[in-house]
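This briefing covers selected local features of a single structure. Please look over the sequence and the model before reading the points below.

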Amino acid sequence: MDKIRPTVRTMVHSMLPLLFLCLFAGTSASQQVTLDPPQIAPVDLLTVNDLDFLNATTPKWIFTITMRSEQPVQVVMDIAINIMLADGNRFPNAVAITTDPFDVVNARTVTNIDLTNGNPSVAEHVVRADARTRLEETALPGGRIPVGLYQFFVTVTPEGGTPVSVTFDLEPTNPGSIQLLLPPDGDENASEFQLFQWRYDGTRSRISVYEQLPGQMAPEEVISGVPHLTEVVETNSFQYPSSGVRALQPGRTYVWTIEGLAGVSGGGDALLRSELWTFRVSTRNAPWVSGILAEIEQAVGPDFAEVFNRIRREGLTADGTMSLNGTPIAYNELVRLLEHLREKQGSVKSVTIE
């Protein structure tokens with residue numbers, strides 16, 4: 001037994017370098033790459049050239065992919081774009097791109113512009129002919145591609161490692177023209193706390209209100225100055241605030257306009273401009289009466305716009321008495337009721353003038 005023990009110890013010691021080597025090799029082989037959440041341009045409009053970014057003559061930023069690795073490693077990136085149009089047409093792998101191997105040292109970012117410039121270089125680039133034909137045939141003015149879902153699948157494969165992937169979607173809406181609704185053009189009975197309404201199928205728009213100064217005749221002259229108020233909103237209505245901005249003055253005339261903010265590749269906005277409409281703030285109603293009218297109008301929604309247009313058009317005034325089901329109510333009670341109506345859209349069935 002005494003002779004066996006040294007033999008065992010010798011075997012253990014002789015295995016240590018081999019075991020250490022195996023552990024070290026295993027650590028190197030398991031070195032992986034991680035991906036940050038992709039950064040994406042908030043786009044409402046895309047063109048055919050935006051998707052064919054390898055051949056774009058004036059490329060604009062669409063996405064950024066960030067890779068991280070604890071040790072230097074070579075990777076290959078694959079990008080596939082699936083297209084699902086609103087009319088039902090589907091084009092899987094409409095665009096497929098594979099890069100040559102490139103280095104990731106600690107961290108590296110790759111954008112669509114980098115691919116256009118060949119950094120990293122591209123080994124394979126395939127665009128489905130039927131997808132390109134369909135997009136070009138249905139392209140809108142300016143080359144805008146049709147509404148749909150454009151899915152990007154990005155896979156990064158480290159040399160000798162496990163692939164990692166991220167996905168993101170672009171959904172261009174191609175917002176069209178803007179239609180102003182309220183107050184109507186030339187309205188003579190607007191409120192100091194006027195409710196503005198318009199139609200626009202985009203997600204963001206900017207309202208601007210200008211005061212007509214002495215000597216200014218055309219609306220184009222009025223908007224050449226500094227706006228009385230400008231605000232970016234994500235709805236198709238705007239209640240003129242009662243504080244924090246310059247108030248609308250009774251008896252004065254204003255011009256209002258809407259700019260649709262449509263996101264485009266590159267991270268900027270394309271501006272869609274509405275007509276220029278004018279309105280005059282009434283001097284007939286006391287401020288609190290005008291404010292209540294605007295509050296009621298906002299609460300019941302645009303379906304009853306003609307009722308409120310008639311009130312302003314005919315110069316109708318309130319008698320100063322407010323009641324609910326025949327019982328007088330205070331102003332603060334009316335405000336709470338109107339807030340409830342705004343939260344419960346669709347609860348108002350009719351609006352009449354008595």
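In this predicted model, the side chain of Thr257 reaches the backbone oxygen of Glu275 at 3.5 Å. Thr257 sits in strand β17, residues 253-263. Thr257 counts as buried because its relative accessibility is 10%, and buried means under 20%.

**Surroundings of Thr257**
- Leaving out residues up to four places away in sequence, Thr257 touches Arg206, Ile207, Ser208, Tyr210, Ser274, Glu275 and Leu276.

**Nonpolar cores**
- The largest nonpolar core has 38 residues, and Phe63, Met67, Met77, Ile83, Tyr150 and Phe152 touch the most other members.
- Elements that each supply at least two residues of this core include α2 (48-51), β3 (63-68), α4 (129-138) and β9 (148-158).
- Strand β4 gives the largest share of this core, seven residues.
- Beyond its neighbours within four places in sequence, Phe63 is in contact with residues including Gln39, Phe53, Ile79, Phe152 and Phe168.
- A second, separate core holds 19 residues, among them Trp198, Tyr200, Trp256 and Trp277.

**Backbone features**
- Most residues other than glycine have a negative phi, and most peptide bonds are trans.
- Asn119 and Pro120 are joined by a cis peptide bond with omega of about 10 degrees, and Pro120 lies in the loop between α3 (112-116) and β8 (122-127).
- Leu182 and Pro183 are also joined by a cis peptide bond, with omega of about 0 degrees; Pro183 lies in the loop between β11 (179-182) and β12 (187-190).
- Asn93, in strand β5, has a positive phi of about 50 degrees and counts as partly exposed at 46% relative accessibility.
- Asn106, in the loop between β6 and β7 (107-111), has a positive phi of about 65 degrees and counts as exposed at 52% relative accessibility.

Definitions and conventions. Residues numbered from 1 in each chain as written. Predicted model: local features only at pLDDT ≥ 70, side-chain atom pairs only at ≥ 80, totals over all residues. Heavy atoms only, no water. Core = buried A, V, L, I, M, F, W, Y, C linked by side-chain atoms within 4.5 Å. Buried < 20%, exposed > 50% of the residue type's maximum accessible area, 1.4 Å probe, protein only. Helix = DSSP H or I, 4+ residues; strand = E, 2+ residues; numbered from the N terminus. Contact = heavy atoms within 4.5 Å. Polar contact = N/O pair within 3.5 Å; in protein donor to acceptor, adjacent residues only side chain to side chain.
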